[in-house]
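Please look over the sequence and the structure shown below before reading on.

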Amino acid sequence: MCQEQKCKCKKPYYITTAIAYTSGKPHIGNTYEIVLADSIARFKREQGYDVRFQTGTDEHGQKIELKAQEAGVTPQEYVDGVASQIQGIWDLMNTSYDKFIRTTDKDHEAMVQKIFKKLYDQGDIYKGYYEGLYCTPCESFFTESQLVDGKCPDCGREVQPAKEEAYFFKMSKYADRLIEHINTHPEFIQPVARKNEMMNNFLLPGLQDLCVSRTSFTWGIPVSFDPKHVTYVWLDALTNYITGLGYDSEGNHGELYHKYWPADLHLIGKDIIRFHTIYWPIFLMALDIPLPKQVFGHPWLLQSGEKMGKSKGNVLYADTLAEMFGVDAVRYFVLHEMPFDNDGVISWELMVERLNSDLANVLGNLVNRTVSMSNKYFGGEVYNGGVGAAEDEELKAVVLEAVKKTETKMDELRVADAIGEIFNIFRRCNKYIDETMPWALAKDETKKDRLATVLYNLAEAITIGASLLESFMPETSAKILNQLNASKRSLPEMDVFGKYPSGGKVTDKPEILFARMDVEKVLEQVDMMRSSGNGANENEDEKAERDEGAENKDEKGIDIEAKPEITYDDFARLQFQVGEIIACEAVPKSRKLLCSKVKIGSQVRQIVSGIKAYYTPEEMVGKKVMVVVNLKPAKLAGILSEGMLLCAEDAEGNLSLMVPEREMPDGAEIC
């Protein structure tokens, strides 16, 4: 049977990323998503699926039009340059996408016009006027009640009054149907916290009709029957998931659409979960198209605990990191450090620590020792001497169990946990070396077959581990297997231990996979790159934003009105402790309140705080905070609050949680 015929027998699996907005170069937090999707796509292929992996760029909108004007080029020239840069970074990170779609692709634009017309003809879209408050960066309208402290509820920036003729989509027409779908398909929105947020904050309070066209700018897809209007960004951007498969609103769908839709997984950032779990499924319902099987809103990758922003000067880019550490080291880091449903943290120091401990010591040293000992004691030959011991069975059990657990974790999209299972194999191998002491066995000729068995078991275990590693670190996996002169195993071939061909021969020149790095030298290099202006690979606009942010940091402190003096005894009556937030959710029908479950030693307290404008519930979970614990309980919005979280407030009223400078256990006294 030919390979093409085999492929047709495989079960299809369609995975997409959000398409990257072409307003500028993507930072490592943006790049994390494509690497995460790639690891899932690669693993699904290993499981035997016929995978379709799509990514691309979102290229229309007022923000692009303004940036092009500032750059003195046409919008098309502007997005051509940025899209090329984005695709270049995706390729640099060794991602195996099948389709890179651009929303300026002519076939996509033509189909968006047909979709708009279809929805208008069937009465789901109507013409009206929009008068509201508009946020240009988010390209979104808001009512006064939706603002937070008078600013955009999504990004916190200023909004401007705007009124214009527009077409609207009747969202409320499909709201009940969507609520029913979410309730009957618990796997549809993941993690569960994202589902609760969408239901409680948007769907259950009631949906407003959605503006789906604009007349105040021209860089967009014209409405075919009313060309002074251009299609609003979300109706344009979201439909890429079906236009990229050859969807046709008249029913003449392409072969790929019939094969791969509905999507198995939309992988997106948690900040755009609303658009993908409310707007997008409602559009699909109106088009009478099956909904995607799952939308996963992954957390953010934070730079030293803060969301990355060019004005903060804390942006890291994938190409800079790859130049410093190597592509696979960056892939390992972003995948390993990102929890399933909490934000991850990246920093230069942490990168060096992981490189040295996990990649150089645990993995690289293991492979080097195994290959070197095989060469030293047996001229590179690896054979099973048939002399076993109890530690052999323990090693085999760990390896085979890790294979099963890795597959289970990947099916649950717990990628960091899956990588942890693979590295359990390598850690167990290192322990096995310490237990068996091959160098001691080599001194006794009567134990030659036992020594051969030990090195055979190591070669077999590493082969399995390296084969599993391919989805996450493809270049490193290939290098390891090449040094062992082993073929990559498929998942079904990892069902038993002992398939490494006895009598095989390892390379005679083991390669250093990862060289240890000195953190001080790395930080010196970073400082040199920053001072020369090329460390962050910024364009002129980004440099200006960074400089502006630096100027803001140099502003003088603020003075506040003094309160009456207190004695030490007054202060001593207050009890402050460190708490860890283990759960958090928005208070229904409140624009300001979050309700947190805070672990303080052996107790868990419920604390209501007016910080919803500054933190999402997802951001709160896992934070260590400072708590006033002996404050008399009170009810806020009908919910009991058993303490107070300490915050700092600037002159504009912006709040920031007070957190311990160093790692401290929950319950630690603050004195």
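Is Leu574 buried or exposed, or partly exposed? With a relative accessible area of 43%, Leu574 is partly exposed; buried means under 20% relative accessible area, exposed over 50%, and partly exposed in between, with a 1.4 Å probe and protein chains only.

## Basis of the model

This is a predicted model, in which local features need pLDDT of at least 70 and side-chain atom pairs count only at pLDDT 80 or more, while totals for chains, interfaces and linings use all residues. Residues are numbered from 1 along each chain as its sequence is written, and side-chain values use heavy atoms, with hydrogens and water left out.

## Surface features

Leu574 lies in the loop between helix 22 (568-572) and strand 18 (576-586). Helices (H or I, at least four residues) and strands (E, at least two) are DSSP runs, numbered from the N terminus. Together with Ile566 and Phe571, Leu574 forms a nonpolar patch on the surface, with about 280 Å² of accessible area. Such patches consist of residues with over 30% relative accessible area and no salt bridge, nonpolar side chains being joined within 5 Å and like charges within 9 Å. A salt bridge is a side-chain nitrogen of Lys or Arg within 4 Å of a carboxyl oxygen of Asp or Glu. The areas come from the Shrake-Rupley method with a 1.4 Å probe.

Asp508 belongs to the loop between strand 17 (504-505) and helix 20 (519-532). Its relative accessibility is 59%, so Asp508 counts as exposed.

Beyond its neighbours within four places in sequence, Ile40 is in contact (heavy atoms within 4.5 Å) with residues including Tyr13, Ile15 and Leu267.

## Strand pairing

Of the 6 residues of strand 1 (residues 12-17), 5 are buried, so this strand is largely enclosed by the rest of the structure. Strand 1 pairs in the parallel sense with strand 3 (residues 50-58) over 5 bridges; two strands pair if DSSP finds at least two bridges between them. Ile15 has Phe53 as its bridge partner in strand 3. Strand 1 also runs parallel to strand 12 (residues 265-269), joined by 3 bridges, and Thr17 has Leu267 as its partner there.
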